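Hello,

Here is the structure I promised to pass on to you. Please open it first, and then read my notes below.

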Amino acid sequence: MNSPHIRLVPIAATAALIIATGTWLLAQERPTAETQRLERLATGVERAEAIRAIKRLQQTYTHYLDVGLWDELDTLVTAGVVADFPAPGQRSGESLNRGALRQYWMREANRTAAGLADGQLNTHLLLQPIVNLGPDGRTAQGTWHQVAMLGTFGTSATWLGGIYENEYALENGVWKISKIHFSEQYRGAYEDAGQKAPPRWEIPYHFTAEHVGLTIPPSALTPSGASRESAAARLASLTSRLQKMEDEAAVQNLHNIYGYYVDRKMWDDVADLFAANGILDPGQKTTYTGTAQIRKALETLYGAAKLQYGELWDRLQLTTVVTIAPDGRTANVRSSELSMLGLINSYQRWELGTYENEFVKENGVWKFKALHYYPRLITDYDKGWAKDVKPGNASYALYPTFSFPAFHYPNPVTGKAVKYPAGVVKAPVVATSTGRMAAKPIAELESMLAQAIGFDATENLNSAYGYYLDESAWDSVADICATNCEFELSDVGIYIGRERARQSLKLRYPTNGRGPNSYTIHQLTQPVIHVSADGQKARARLRLFQSGGAANGSSGSWIGGIYENQAFFDNGEWKFGVKDLQHQFNANYRSGWAKIAPRAARGAAPPAAAPPAAARAGGPPESAAPATTPAAPGRGAAPAAGGRGGGLAAFPADRPQRTRQYPFPEIVEPAFHYKNPVSGRMPGELLP
């Protein structure tokens, strides 16, 4: 299935010194050993920074595309960029150079000038990144899912989804996009029963299952030469840079944790995330200051704490860009939010908005200083954005009027402030403080580097898992797993060990890949990743945002859930360690989530949105029809006697599944692997 451009090999012994925690002191080494160790550390930091810079670059590309900043987009690509947008089901199409690419962006948006016209929607949401550096650390490749919401009010509304398989180059010390390859996977008018997909995809994935968790190849970790800086100066510089990466991860986690708490209307936990004098600006004309006022406002604005029966309140945090101030004491975040809201037999709607948030670090703990939400689109689910818009209660005009909040950060390539067309709502507050922290011991810095690498490697692994499920590539799913992984087969149980996981998948599902008559897109997004202090283990909470259906567009579905997964540093590489998924809902595309029948009424039959034909065509386990005996919430589910699964009857799981699947419209609270990061408040269920 894969056509890798880069062949990645296991980490060599020299690279392992960077990944592992140092346990000896500089004073005990010879000067040459001190220098070599410091050079290895510096090279590792530079390469880890490259992964983050590429993610920032690609996410910015999407934000600029959303609002028609064509001149800014043009600066993000190399002079020799090649862009390729093949027709659905084809591997390649016409190659576009830089000038033609700019015209392509504008033509696709039906624009001849900067910005968008009133009534236009050009939203592109990025999810599920996989980024790997090239052999010399000066090139890279990246894979991304895209979900686009396109249209013109009063005329059309369209979903479009696909995969970017891009290349990047370090040019004059700045990362740029050197190749764009976008493969369309599905497209459909909003009012249809589902989206259409080609019988097969021809996507030239750059990664391999064996080494996708290796974000930096060993060859890229070879030091290029000794620095002229003193050891003390280098340690101070590396301390600041590694602390910045640690802070980026912490702030991104905090922002995404906010999203998970809001999903469940956990207002006490949401309020806990703010500084004592924090500000909540929900985009509804009034702002609220202080945790007590914020807590009261949340309930006034959105209803009592905890979800009621049949209530869906999912707010997906996507395309997040984090900026840490030079002194590491304040930060900013820009993020897109796609909301799936509703109440059974009452209402259902989509909402789209943008965050430009401020954060502050107090006594070593990151907190919200100010949350600024800018709603951009509110539309009835049954009608869609071509036919219906809600005015909201914002102090500025929403869609179909063209408006958007200004960027808190400069263009990542030019370093200059963004040039805006008419339509900017408000200039955000930007962190401008300066300073440098005291140098840390090299052993501690090596540990921080291991954690930074593990953070991005864990995201790579979880993303790869989703891509392989889409292809029904069961060998690849197994190959990303650690030797002693714990793999949950949905509605069956947990299999321990890579080979048992492989066998269970092949026994349950066809092994000839994705079938031509149906498709499914597993998008794992909104990660909250915590890497252990020794850099050997990571835990990750992710959201499942899944769509799919009949390839001819005659039916479709939305599926939502929460992953609580783990990754291990196994034999020199990061591997997928534990898969734990709680499906929350499975909704028919046309009728939506507010019309899901209660489980008792459905009995043991599969939800209407996941027809058996999908499974016969090679549908992956996340969209499989339930094949379990219902169990009490939180107590797992036992395999159903004689249920779906074929050969699995003679291949029982090692342990039952941890949690009940598809409970909606009943409300079953998901477990968390973390406590509240600010207050330490315990969740209802804390995973061991």
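Let me begin with a pair of cysteines. C485 is buried, at a relative accessible area of 1%, where buried means under 20% relative accessible area, exposed means over 50% and partly exposed is in between (1.4 Å probe, protein chains only). C481 is buried too, with a relative accessibility of 1%. The cysteine sulfur closest to that of C485 belongs to C481, at 3.9 Å, which is too far for a bond. In general, a disulfide is a covalent bond between the sulfur atoms of two cysteines. Here a disulfide is counted when two cysteine sulfur atoms lie within 2.5 Å, and by this rule the count is 0.

Before going further, a word on the source: this is a predicted model, in which local features need pLDDT of at least 70 and side-chain atom pairs count only at pLDDT 80 or more, while totals for chains, interfaces and linings use all residues. Residues are numbered from 1 along each chain as its sequence is written, and side-chain values use heavy atoms, with hydrogens and water left out.

Now the overall picture. The chain has 688 residues, and 61% of them count as buried. It holds 12 helices and 21 strands; these are DSSP runs numbered from the N terminus, with helices being H or I of at least four residues and strands E of at least two. Taking contacts between residues at least 6 apart in sequence, 69% join residues at least 24 apart, contact meaning heavy atoms within 4.5 Å.

Helix 4 spans residues 98-108, and L101, Y104, W105 and M106 are buried in it. After helix 4 comes N110, with a positive phi near 55 degrees.

Next, have a look at helix 5 (residues 231-263) and helix 8 (residues 442-470), whose axes come within 10 Å and cross at roughly 35 degrees. The axes are lines fitted to C-alpha atoms, for helices over the stretch in contact, and angles run from 0 to 180 degrees between N-to-C directions. Among the residues that meet are L235, L238 and L242 of helix 5 and I442, L445 and F455 of helix 8. The residues of this contact divide into 11 nonpolar, 4 polar and 1 charged.

D281 sits in strand 7 (residues 274-281) and is buried, with a relative accessible area of 12%. Beyond its neighbours within four places in sequence, D281 contacts T287, L371, H372, Y373 and K426.

Finally, some backbone details. Most residues other than glycine have a negative phi, and most peptide bonds are trans. T319, in strand 9 (residues 311-324), has a positive phi of about 55 degrees and is buried at 5% relative accessible area. Y662 has a positive phi near 50 degrees and lies in the segment after strand 21. A cis peptide bond joins F664 and P665, with omega about 15 degrees. Another cis peptide bond joins Y399 and P400, with omega about 20 degrees; P400 is in the loop between strand 12 (365-380) and helix 8.

Enjoy exploring!

Best wishes

Technical notes:
Ala, Val, Leu, Ile, Met, Phe, Trp, Tyr, Cys and Pro count as nonpolar, Asp, Glu, Lys and Arg as charged, and the others, Gly among them, as polar.
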